[in-house]
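Grab a pencil and work through these exercises with the structure open beside you. Each task comes with a solution that goes step by step.

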Amino acid sequence: MTADASADMTDPLADVAWEPGVAKPDPILVADNITRQFGGLKAVDVDHLEIQRGVITALIGPNGAGKTTFFNLMSNFDSPDTGTQTFNGKDLTNTPAHKVANLGMVRTFQLTKALSKMTVMDNMKLGAVGQKGESFWRALLPFTWRSQEKGIETRAAALLERFKMAHMTDEFAGTLSGGQRKLLEMARALMVEPELVMLDEPMAGVNPALTQSLLEHVTQLKDEGMTVLFVEHDMDMVQEISDWVVVMAEGRIIAEGPPATIGENQAVVDAYLGAHHDAPLEWEDETDGDDVTSAAPADGSSEESS
Amino acid sequence: MPGRTSLLRRLFASFALFFIVAGEPIGLLAAQDDSTTVSGRFRSRGTADDGGDELFEGVSVVVTDASGAEVATAVSNADGEWVAVLPGAGDYVVTLDESTLPEGVAVREGTDPATPITANVGRDNPVIIPLGERVASDSGSIKMVQLFVDGLKLGLIIGMTAIGLSLIFGTTGLVNFAHGEMVTFGAMVAFLFNVTGIFGFKLTLILAAIVSTLLCGVAGGLFNQLIWKRLRDRGSSLISMLVVSIGLSILFRYVLLYFFGGRGRPYRNYQIQKVIDFGPFSLPPKDVVIVVVSLTILVTVGLLLQKTRIGKAMRAVSDNRDLAESSGIDVEGVVRYVWIAGGALAGLGGVLFGLTEDIGWEMGFRLLLLMFAGVTLGGLGTAYGALFGSLIVGVLIQMSTLVVPSDMKNVGALLALVVILLVRPQGLLGKSERVG
Amino acid sequence: MDWGSILENTLRGFVGEQAIYFALAAIGLNIHFGYTGLLNFGQAVFMAAGAYGLALTVVYAEQSFWLGIFVGLFVFPVIMALILGVPTLRLRADYLAIVTIAAAEIVRLFLRSPKWDSVTGSSDGLGQYADTFYEFSPFEPRTRYGFGPLNFLGNQLWVVIIGWIVVAIVLVIVATLVRSPWGRVLKAIREDEDAARSLGKNAYFYKMQALILGGVIGAAGGLMRAIGTQSAQPDNFITDVTFLAWVALILGGAARVFGPVIGAMILWGVLSFTDTFLRQAVDQDIIPTSIMEGTQVGQVRFMLIGFSLALLAAFRPQGIFGNRDEMALDDR
């Protein structure tokens, strides 16, 4: 079933089978056998997942599907009970969260974490990695970091310009609206110069006027060569910008595929509307989960793999 | 025999450090001929009810000469004084018969009951035999049992006061540094009714304790209504509320000091007690009462939390405030009950704590640190965890006196707190938290 | 009422030794709490580390005064910060509060214990270890030097001058640090630790650095006090000392470079005023002894501290002069 690595630059995922845990031609992030329990509840139970480099992957699923927990596990903000993930081939199992960011994988949060008592510019400058002035001793000697700081400031100003926030440079982040905070958080993440950007519900709580602009920014990340993985539960948003969709329900990956077809997947429809809707907490029910998984590939509407 | 039992009160005070009882010399007689005298006095300084010395009557000593032959005996009189007439100058050994000392008193640890003296002719020869607290038993394992029981008693008191602290934290997120002052307040209100008296009426301690418990419940409810609810409504952050509680803790502590004075004082009743021997350990009846009362109260509280609607609501809010709120629980109502119950329990705990040692202005603040240790040990925000952790802290404190000097016994408990945080930050009974 | 002496004592409170000791302690707390959001309620233990670092080195180890300064400023407080920080800095903020307040009590009990009397001097503490400091004084020890309504003995003046110089140096260092990228990371951790981590900052490491820095500055306060009084006693470092430093910090405004200094000056100005005022009122029977006795003046002073701490935290968490938007205890 595994598709051969295709040289098709326009859509590297064209030959990939639409089934959960399928191998991708050039994965940047690979998760293996990741499980995480809270009390008796298995919040995440992912056998295998690969995220393709250079495309926009959407992680969708109903509320409580374990998407955010999975995000936390991938970015090492939480540690799994079992399993490993590799980023660019590097095992991240015992890597602290801040090192993950330094390796080029940066994440945002569902509830924005704009640093409200710092200015927008300070928020941005914080994002830059490898700052000399962040060492205690050098901080005491401003001449050792002044020139680097200037460069960072220029880069931050350019990004703020691009995100149309230049006029708020010196305002406290606490005064921004919800949508502006989302923008700021995304811009700040870019200061890290990441390879993989993980956005946790970038569209949540954003007013419709800003949504379009946010979506454009996300697509622009791909155009600049970054990989994007984002969590969303609104299918319409996903259709618009993603190249590949991964569906989670009850902690498991139940389906994968291109956005146009995912809505027709029976397992996905079930997950959103169906049988488990009224009992979202019964994650321990193993057989139930297995049924869903095994049902997923069979329901792939058309087989395109050669 | 008020003096004797008042001493016992002190001997079994779980927090009392070494107090000093001394047998000291007096010059009763001047010898007329070759014969000479040796004398002494057995008393405990400043421990009698009126603040004077306690005098030990009927304590016998035996004097032997260098060859070990008995040359004289003496028994102390009502003033604690004894005199033995010796045949002449020379080296003698004065041996105290420890079995004739009052209960709970012994020759001070590290000194021999047999004291060598060199007697001179022509003047009285004073002998000092230092007395001290009787160590529960010579046998190591029995001593351990005694300390364990004492520790349980202390742990129950800590637990009773800590449940309120823990539930307040669980339901409102407030780390209430002023909780210790509620304990002191409870002890002092009972003192007011028991010893000082209101319009000349003095209640027995049991009635005073009930009044105090009720008043502390009311006070807890009032604090919530007048201070904490308003701060929550204003949207004050948890940290500024924590600092407010520290400010209030200092304010109340010094207000209590202002009115009560700096000197520790005991309750009027239940000082007069004889220890009951339970075999491997012994307790004065009031300590038995403390254990029984606190166990009963704690079991009741546990049942209330487990069975009643308001108890279940308390646990639900403590577990997850938002979830509880969205499922229709009146969170503010629950918080009100938590404050009332927490205040009442702290007050009662204060009375019991006051029974084991003197009532003083700093007693609650000292207990607060132990409450923190217990609550953190058991898991912040849980009622059962607070109790469990407190018991461990109490036992740890008392048992640690086996290896550390008794003035350092609290250190062991606080160090254990640090170690527990290191290996199990959520506490012994706490659940690991969901991150992100 | 002798208003002249009331004024003199109030002024002395503003600029005198106590204001210096507590300014330093509060600057340390400002690093902890104001910039990093660490809840340290055991600042007294860092002050004790400074004082005993000097005293033990000189009196017990019989080493030089200068080595004592080094031990008191860097060795003891750094070790203390590591002991306190390693277990707690990964945990929620309130755990640090509980552990620090407990640690301060542990250390004080330890220092009081007669068991180590030959080393620590137990409750009497240690004394007369700072003669070297006074040898450098250009002032006559027993001469009074007047400044308007104020006057200081030569040795006191020397302590006050050196003390304020130390405060000035520390302020320059703090100002430099908090305006650097390092300081920016601290503030980010204060605002949201996870955000800082997601941007590649090792929050634990920075919190440890902040705990050490604030501890060393607090130790400088304890050290100055130990030098100024020529005695280090365990009961100089009771929990109330920590709370006084907190009042100074919140009074002047947290996360402001000068805040703690202004706060400490106001605090001691007000304390000295009420103290002198009440004592005179009691002595002259303006307040009858049935209401207050001389010994209770000190208690009223602490009531005042507690009351103002509670009021400030509730109504002006940004401090008396602070700007609410920029820094408040709120919203966290």
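**Exercise 1.** How many residue pairs are in polar contact between chain A and chain C?

*Solution.* Keep in mind that this is a predicted model.
- Step 1: Count the pairs. Between chain A and chain C there are twelve residue pairs in polar contact, with both partners at pLDDT 80 or more.
- Step 2: See where chain A reaches over. At least two residues each of the side that touches chain C come from α2 (97–102), β6 (105–107), α3 (120–127), α4 (136–139) and α6 (178–191) of chain A.
- Step 3: Sort that side by class. It splits into 18 nonpolar, eight polar and eight charged residues.

**Exercise 2.** Work out how much surface chain A and chain C bury, and find a salt bridge between them.

*Solution.* 
- Step 1: Start with the contacts. Here 34 residues of chain A meet 32 residues of chain C.
- Step 2: Turn to area. The two chains bury about 2700 Å² between them, and 65% of that lies on carbon and sulfur atoms.
- Step 3: Look for charge pairs. The interface of chain A and chain C holds three salt bridges. One of them pairs K113(A) with D192(C), at 3.2 Å from N to O. That N to O distance passes the test, because a salt bridge needs the two atoms within 4 Å.

**Exercise 3.** Now do the interface of chain C and chain B: which helix of chain C supplies the largest share of the side that touches chain B?

*Solution.* 
- Step 1: Get the contact count. It takes in 45 residues from chain C and 43 residues from chain B.
- Step 2: Chain C and chain B bury about 4000 Å² between them, 76% of it on carbon and sulfur atoms.
- Step 3: Check the polar side of things. There is one salt bridge across this interface, and D240(C) makes it with R253(B), with the closest N and O atoms 2.9 Å apart. Polar contact links five residue pairs here, both partners at pLDDT 80 or more.
- Step 4: List the helices. α4 (65–88), α5 (93–112), α12 (239–252) and α14 (297–315) of chain C each give at least two residues to the side that touches chain B. The largest share, eleven residues, comes from α14(C).
- Step 5: Sort by class. That side of chain C has 31 nonpolar, six polar and eight charged residues.

**Exercise 4.** Describe chain A by itself.

*Solution.* 
- Step 1: Chain A has eleven helices and ten strands.
- Step 2: Of its 306 residues, 53% count as buried.
- Step 3: Chain A exposes about 12700 Å², with carbon and sulfur atoms supplying 51% of it.

Note on methods:
Residues are numbered from 1 along each chain as its sequence is written. Chains are lettered from A and ligands numbered from 1 in the order in which they are written. This is a predicted model: local features need pLDDT of at least 70, side-chain atom pairs count only at pLDDT 80 or more; totals for chains, interfaces and linings use all residues. Side-chain values use heavy atoms; hydrogens and water are left out. Helices (H or I, at least four residues) and strands (E, at least two) are DSSP runs, numbered from the N terminus. Buried means under 20% relative accessible area, exposed over 50%, partly exposed in between (1.4 Å probe, protein chains only). Accessible areas come from the Shrake-Rupley method with a 1.4 Å probe; for residues, only the protein chains shown count as cover. Contact means heavy atoms within 4.5 Å. Buried area is the accessible area (1.4 Å probe) that two parts lose on being put together, summed over both. A salt bridge is a side-chain nitrogen of Lys or Arg within 4 Å of a carboxyl oxygen of Asp or Glu. A polar contact is a pair of N or O atoms within 3.5 Å; within protein, one must be able to donate a hydrogen and the other to accept it, and residues adjacent in sequence count only if both atoms are side-chain atoms. Ala, Val, Leu, Ile, Met, Phe, Trp, Tyr, Cys and Pro count as nonpolar, Asp, Glu, Lys and Arg as charged, and the others, Gly among them, as polar.
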